[in-house]
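Colleague: I have just opened this entry and would like a guided tour. Could we go through it topic by topic?

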Amino acid sequence: MKTSDLFVKALENEGVDYIFGIPGEENLDLLDSLTQSSIKLVLTRHEQAAGFMAATYGRLTGKAGVCLSTLGPGATNLVTAAAYANLGAMPMVMITGQKPIKTSKQGQFQIVDVIDMMQPLTKFTKQIGSGDMVPSSVREAFRRAQEERPGAAHLELPEDIAREDTSVPIIEPSYVRRPVAEDKAIQRAVELISQAKHPLLLIGAGANRKRTCKMLRRFVDQTCIPFVTTQMGKGVVNEDNERFIGNTALSADDFVHRAIDAADVIINIGHDVVEKPPFFMESGGRTVIHVNFTSAMVDPVYFPQVEVIGDIANSIWRIGEELPAQCHRDYSFFEKVQTALADHLRQGADDSRFPMYPQRLVNDIRRAMPSDGIIALDNGIYKIWFARNYLASIPNAVLLDNALATMGAGLPSAMVAKMVHPHRRVMAICGDGGFMMNSQELQTAVQLELDLVVVILRDNAYGMIKWKQENMGFKDYGLDFTNPNFVEYAETYGATGHRVEATDQFATMVEQAFEGGGVHLIEVPIDYSDNDRILNHEIRELSAKL
Ligand SMILES: Cc1ncc(C[n+]2csc(CCOP(=O)(O)OP(=O)(O)O)c2C)c(N)n1
Ligand SMILES: [Mg+2]
């Protein structure tokens, strides 16, 4: 069998249904083998977007998403996506081509040491040096990408190897279950929680990856222990729950941080230090119980005293079974925080000023999205507003990146979310800066005939950095830009463009866009003038009074 045929068989064996990417001449054998396969090739307009799509596919399904590029420039374009997947713990396998390795073809033309380049960005990176190595290399790449903590893996298939014959059989994935925590660790956690005066649950990204949501929900109901979420832990337990205290969208001084300050034991579920810290540990401070699939990476701001390592759902179930009821505790301070936050979240939710107030935008979008609707955010200041004000109902319904926090992933992530969940409403929410980093993928979305609403928040600036600049007392400089006419821009791609000209139009526009189907771009002029006052001052002052 030709090696490239075997390679495709090995991918099929891993359950791959899509490959996102852009082939080069070094991938042509593989491309030809794909013509005989059930795997669909999704051609994008930039490898970075293909990588973001593959990573988000992995995030949503738990199965590694696969992306493809040529050598050199194609592979360098995958670099940001590799970091996105690896930091965000999203299973992804990248396949890149290479010139022949047994002979020289064109000197050093286009040659970059891609294996070395991928080393710090992946869990596994390997050149396939012979056809016989395909089954084990593919299996290992998928195993590593998917195993907790998931991330990126990379395989390089040189063109002469792709073309050679081989006769080795493929390797079936093994039957494997995640290990569970040791009894003594569970006992220790139970003791500490039982002795605590003010225990608090913190739900992070890891809890969003596997089916932990049922167990966590039960744990919260059973124990009455209040919970807070990190940005990437949103929705594991419905945030519209009477025990929800808030999201750690801001790093410090929000209402939720007062609850964290008041907690003497934090049960930290699925958090890792890659996410912006939801709180900072200090020596001699409160006790932190780390409940995760993997042990805690120690950091100056994170050094939990107790670790419960193993399948999260199992750990939570066992802790819940052993823990005496906690509902009698005095949770009044947490409730005070909860009420203060709820009051604050209502502020601005109905504000009709134009350009639109971010709080109103979040509120309108929350109303437009059913509980299973998915929003995929790019990176900008609005991410804080969404993390803080948009209550997530189910796991992975708010796709945001609080790990690499890269711009440019919002649109590709939304596209693949729609492909994975064709019957759910999906919306991309991007800044005018971040959108333009992968706006060419509108064409891919149109070509794929996706039903997608893309909201662009136009402030004609890199607003997030402007906010920081202002807060740090720097002069307003270097962050403004001009934009294309987004409505016309959308139309040239064959999408439908809309511009909000009065705040009250927005909700109807969104509804009509979802009803109408196809790709819709909605340009929303946004008023960020209050960001600094509210996010940096008002919240701090109000929360300090609690
Ligand atoms: C690829 C990349 N480049 C730069 C940054 C730094 N950065 C973070 S947010 C931001 C501005 C985002 O601007 P925009 O998309 O317009 O959103 P806004 O904050 O204006 O709503 C920048 C430059 C980043 N996170 N990722
Ligand atoms: Mg902007």
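Colleague: Which element gives the most residues to the shell around ligand 1?

Modeller: Please note at the outset that this is a predicted model. Helix α18 gives the most to that shell, with 4 residues.

Colleague: And which residues come nearest to ligand 1?

Modeller: There are 19 residues around ligand 1, and those that come nearest are Asp432, Gly434, Gly463, Met464 and Tyr528.

Colleague: What do the oxygen atoms of ligand 1 find at Met464 and at Tyr528?

Modeller: At Met464, a polar backbone atom is 2.8 Å from an oxygen atom of the ligand. At Tyr528 the side chain is involved: one of its N or O atoms is 2.7 Å from an oxygen atom of ligand 1.

Colleague: Where does a nitrogen atom of ligand 1 meet a polar backbone atom?

Modeller: That is at Met407, where the separation is 3.2 Å.

Colleague: How much of ligand 1 does the protein bury?

Modeller: The protein buries 77% of the 590 Å² that ligand 1 exposes when taken alone. As for the elements around the ligand, α18 (432-437) and α20 (463-471) are those that give two or more residues to its shell.

Colleague: Let us turn to the cysteines. How many disulfides does the structure hold?

Modeller: It holds 1 disulfide. The bond is formed by Cys224 and Cys327, whose sulfur atoms are 1.8 Å apart.

Colleague: Is that disulfide right-handed or left-handed, and why?

Modeller: The torsion about the S-S bond of Cys224 and Cys327 is about 80 degrees, so the disulfide is right-handed.

Colleague: Which parts does the pair tie together?

Modeller: Cys224 is in the loop between α11 (213-223) and β8 (227-229), while Cys327 is in the loop between α13 (312-322) and α14 (332-346), so the pair joins parts that are 103 residues apart in sequence.

Colleague: Is Cys224 buried or exposed?

Modeller: Cys224 counts as buried, because its relative accessibility is 7%.

Colleague: What is Phe506 in contact with?

Modeller: Leaving aside its neighbours within four places in sequence, Phe506 is in contact with Met356, Leu361, Asp364, Ile365, Val455, Val500, Ile522 and Val524.

Colleague: One last residue, please. Where does Thr166 lie?

Modeller: Thr166 is in the loop between α8 (159-163) and α9. This threonine is buried, with a relative accessible area of 6%.

Colleague: What does the side chain of Thr166 reach?

Modeller: The side chain reaches the backbone nitrogen of Val168 at 3.5 Å. Beyond neighbours within four places in sequence, Thr166 is in contact with Met1, Thr3, Leu6, Gly131 and Asp132.

Definitions and conventions. Residues are numbered from 1 along each chain as its sequence is written. Chains are lettered from A and ligands numbered from 1 in the order in which they are written. This is a predicted model: local features need pLDDT of at least 70, side-chain atom pairs count only at pLDDT 80 or more; totals for chains, interfaces and linings use all residues. Side-chain values use heavy atoms; hydrogens and water are left out. Contact means heavy atoms within 4.5 Å. A disulfide is a pair of cysteine sulfur atoms within 2.5 Å. Buried means under 20% relative accessible area, exposed over 50%, partly exposed in between (1.4 Å probe, protein chains only). A residue is near a molecule or strand if one of its heavy atoms lies within 4 Å of it. A polar contact is a pair of N or O atoms within 3.5 Å; within protein, one must be able to donate a hydrogen and the other to accept it, and residues adjacent in sequence count only if both atoms are side-chain atoms. Accessible areas come from the Shrake-Rupley method with a 1.4 Å probe; for residues, only the protein chains shown count as cover.
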